[in-house]
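Thanks for coming, everyone. Let me put the model on the screen, and then we'll walk through it.

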Amino acid sequence: MFQLLRTVGLRAFSMASETYTSGTHSAAFVTCPNDTVAKELARGIVEKKLAACVNIVPAITSVYEWQGKIEEDSEVLLMIKTRSSKVPALAEYVRSKHPYEVAEVISLPIDQGNPPYLKWIGDIVPE
């Protein structure tokens, strides 16, 4: 009986994991100078269907070099879940709305995750 349950469980897991192709979706990151900018960008990104979800992470500290000097600033981080195919349009949107001279927009492909969540991203963000 145990072997039958194990086989059925492995088959169900395999079927669930086969519904997602690694790298189809991405997590993108954008830093913002404050909550107001972060919320405006996040709302616009979701309204324009450039992402299914944007998490706003408050109170990060960024240390970086800019124009030959080491800078340290308080910022807000956007964690954006989208289709990988939408990252160029997302970057263009952020550049057009962001107050920084050089806005950070980086992305990493999502290798794996909760299949229903990954399906939801795909359902919300059109090809």
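How much space lies in the largest pocket? About 290 Å³. Before the details, some ground rules. This is a predicted model, so local features need pLDDT of at least 70 and side-chain atom pairs count only at pLDDT 80 or more, while totals for chains, interfaces and linings use all residues. Residues are numbered from 1 along each chain as its sequence is written, and side-chain values use heavy atoms, with hydrogens and water left out.

Back to the pocket. On a 1 Å grid over the protein atoms alone, a pocket is an open set of points where a 1.4 Å probe fits, with protein on both sides within 12 Å along at least five of seven lines; lining residues have an atom within 4 Å of a point. Grid points are joined across faces, edges and corners, and the volume is the space filled by probe spheres set on the points. Among the lining residues are Tyr64, Trp66, Asp73, Tyr100 and Ala103. E2 and E3 are the elements that give two or more residues to this lining. The largest share, four residues, comes from E2. Helices (H or I, at least four residues) and strands (E, at least two) are DSSP runs, numbered from the N terminus.

Now alanine 103. It sits in the loop between H3 and strand E4 (106–109). At 19% relative accessibility, alanine 103 counts as buried. Buried means under 20% relative accessible area, exposed over 50%, and partly exposed in between, with a 1.4 Å probe and protein chains only. Beyond its neighbours within four places in sequence, alanine 103 is in contact (heavy atoms within 4.5 Å) with Val94 and His98.

Next, helix H2, residues 35–47. Its 13 residues should span 18 Å at 1.5 Å a residue, and its end C-alpha atoms are 18 Å apart, which agrees. The expected span is 1.5 Å times one less than the number of residues. Which residues of H2 are buried? Val37, Ala38, Leu41, Ala42, Gly44 and Ile45. They cover an arc of only 170° around the axis, so they lie on the same side of H2. That arc is taken from the directions from the helix axis to the C-beta atoms. The face turned away carries exposed Thr36, Lys39, Glu40, Arg43 and Glu47. The buried residues of H2 pack against strands E1 (25–32), E2 (53–66) and E3 (69–83), and helix H3 (87–97).

Last, H4, residues 115–124. Leu118, Ile121 and Gly122 are buried there. On the other side of H4, Pro116, Lys119 and Asp123 are exposed.
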